[in-house]
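Here are my notes on this model. Please read them with the coordinates open.

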Amino acid sequence: MTSIDSEQPADPEQPTDEEQAQRPVVAVVGRPNVGKSTLVNRLLGRRAAVVEDTPGVTRDRVAYDASWSGREFTVVDTGGWDPGARGLGEQITLQAELAASAADAVLFVVDSTVGVTDSDEAVVRILRRSGRPVILAANKVDDERGEAEAAALWALGVGEPFPVSALHGRGSGDLLDAIVAALPDAPTVEESEAGPRRVAIVGKPNVGKSSLLNRLAGAERVVVDAVAGTTVDPVDELVSLAGRTWRFIDTAGIRRRVREASGHEYYASLRTQTAVERAEVAAVVLDAGESLSEQDQRIIASVAEAGRALVLVFNKWDLVDDDRRRMLDREIERELARVAWAPRVNVTARTGWHVDRLVPALDAALEGWQTRVPTGSLNAFLGRLVAEHPHPVRGGKQPKVLFGTQAQAMPPTFVLFTSGKLEASYLRFIERRLREEYGFAGTPLHLRQRARQKRRR
């Protein structure tokens with residue numbers, strides 16, 4: 001795919017994976033709709049977590065980097081914890097309980113306007129057994145009268161309630177001081193040359209992205225349900241595969257264009273785009289049993305335009321019969337011709353069939369994404385190409401490629417210095433021949449041209 005866009009430079013202040021792994025973790029738990037995600041955004045000082053008036057928007061464990069008074073730590077937002085829930089709510093509760101058990105400290109959020117409920121008391125009993133330090137946040141305290149009501153939460157028996165208004169920021173500084181005081185000392189971080197490779201799992205809703213991550217992780221890491229749109233926030237997971245550690249990012253299903261989405265779908269789509277941009281390779285999951293849709297093609301195109309390596313994962317292969325396979329081959333040839341360079345893997349995430357083939361495909365895509373062609377070899381290739389297939393003459397003029405250089409890798413970006421502007425069809429021809437000569441499997445190519453300026457007398 002030819003593009004004039006270039007990769008955004010990495011943020012030099014972005015923490016490495018090793019530094020993130022050494023940070024203390026604070027799990028934010030509580031009943032549904034007590035304002036956990038709003039409070040997380042207040043603690044972070046930015047709108048990172050998806051917030052909506054509808055209860056149950058947050059469903060998985062979602063980690064964010066935070067800092068206060070020079071201390072850095074990780075905040076894990078969780079779904080509503082309801083010990084008596086069933087079905088999807090039971091899975092969300094399990095994720096919240098796992099987050100609390102793995103954290104260094106727990107921020108227990110209670111709605112001060114409601115007071116102590118049976119669910120709150122049930123959660124407290126579980127937190128006491130975990131042995132983790134608990135900070136009690138009495139949310140929705142907007143005035144002094146609310147502070148008096150929050151004092152009744154001493155009855156929970158987990159210490160002093162900190163009155164706070166996640167919406168307006170009242171008391172958030174005192175709460176952050178209490179959180180930092182409860183954290184253990186940060187261990188020293190050993191320097192490492194490189195962290196885990198970052199893989200974003202993207203696709204439409206209900207194609208099996210979360211099931212694939214759970215299969216790779218070997219555990220129920222994210223909530224899976226037949227209802228489309230179960231995942232809302234991007235979820236990071238470190239997974240050991242083929243003797244190496246990978247960082248997989250499960251993302252929300254993209255239903256439509258970002259500008260057409262509304263409510264939490266809009267913010268979920270934005271976070272999915274951000275997850276793709278901070279990944280190195282994207283595994284686009286497609287339902288092999290359904291026809292390729294315009295939305296599938298749009299998602300694939302967005303990955304290529306972002307300059308990320310690409311692997312196509314056709315899931316639910318156990319439901320594909322011979323007729324569907326022949327039809328799918330024709331659809332791929334017709335609809336995905338622009339990304340014919342992307343490796344394809346057929347899997348069944350539910351059973352684990354051929355999931356092991358994903359790692360070789362990711363490696364091939366990353367190798368192509370990082371490929372760099374020496375300038376001498378590139379110009380020898382371009383010289384042969386121009387001699388054998390010169391640019392067509394248009395209006396009595398015939399632009400030529402004078403020389404070229406690879407400006408960067410990740411993705412491979414080439415600058416062609418020409419005597420005039422090349423047609424788009426000729427640029428696509430050069431791209432195709434570059435792939436034939438050097439491979440570049442699994443990566444988009446960005447071609448730029450710089451026409452020589454005419455000299456004025």
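**Notes on the predicted model**

1. R308 is buried, at 6% relative accessible area. The model is predicted, so bear in mind that side-chain atom pairs count only at pLDDT 80 or more.

2. Where does R308 lie? R308 sits in the loop between α9 (294-305) and β11 (309-315). A polar atom of the R308 side chain lies 2.5 Å from the backbone oxygen of E277.

3. Look next at helix α7, residues 209-217. Its buried residues are K209, S210, L212, L213, N214 and L216. They pack against the strands β7 (197-203), β8 (235-241), β9 (244-250), β10 (281-287) and β11, and against helix α11 (358-369). G218 follows α7 and has a positive phi, near 70°.

4. On to the aromatic rings. The structure holds six aromatic pairs. One of them joins F414 and F440: the centres are 5.9 Å apart, the planes are at 85°, and the geometry is edge-to-face. This pair links distant parts of the chain, 26 residues apart. F414 belongs to strand β14 (residues 413-418), while F440 is in the loop between α13 (424-438) and β15 (446-451).

5. Are F414 and F440 buried or exposed? F414 has 1% relative accessibility, so F414 counts as buried. F440 is buried too, at 2%.

6. F440 also pairs with Y438. The ring centres are 6.3 Å apart and the planes are at 65°, so this pair is edge-to-face. Y438 counts as partly exposed because its relative accessibility is 23%. F381, F414, Y438 and F440 form one aromatic cluster.

Terms used:
Residues numbered from 1 in each chain as written. Heavy atoms only, no water. Helix = DSSP H or I, 4+ residues; strand = E, 2+ residues; numbered from the N terminus. Buried < 20%, exposed > 50% of the residue type's maximum accessible area, 1.4 Å probe, protein only. Polar contact = N/O pair within 3.5 Å; in protein donor to acceptor, adjacent residues only side chain to side chain. Contact = heavy atoms within 4.5 Å. Phe/Tyr/Trp six-rings, centres within 6.5 Å; stacked < 30°, edge-to-face > 60°.
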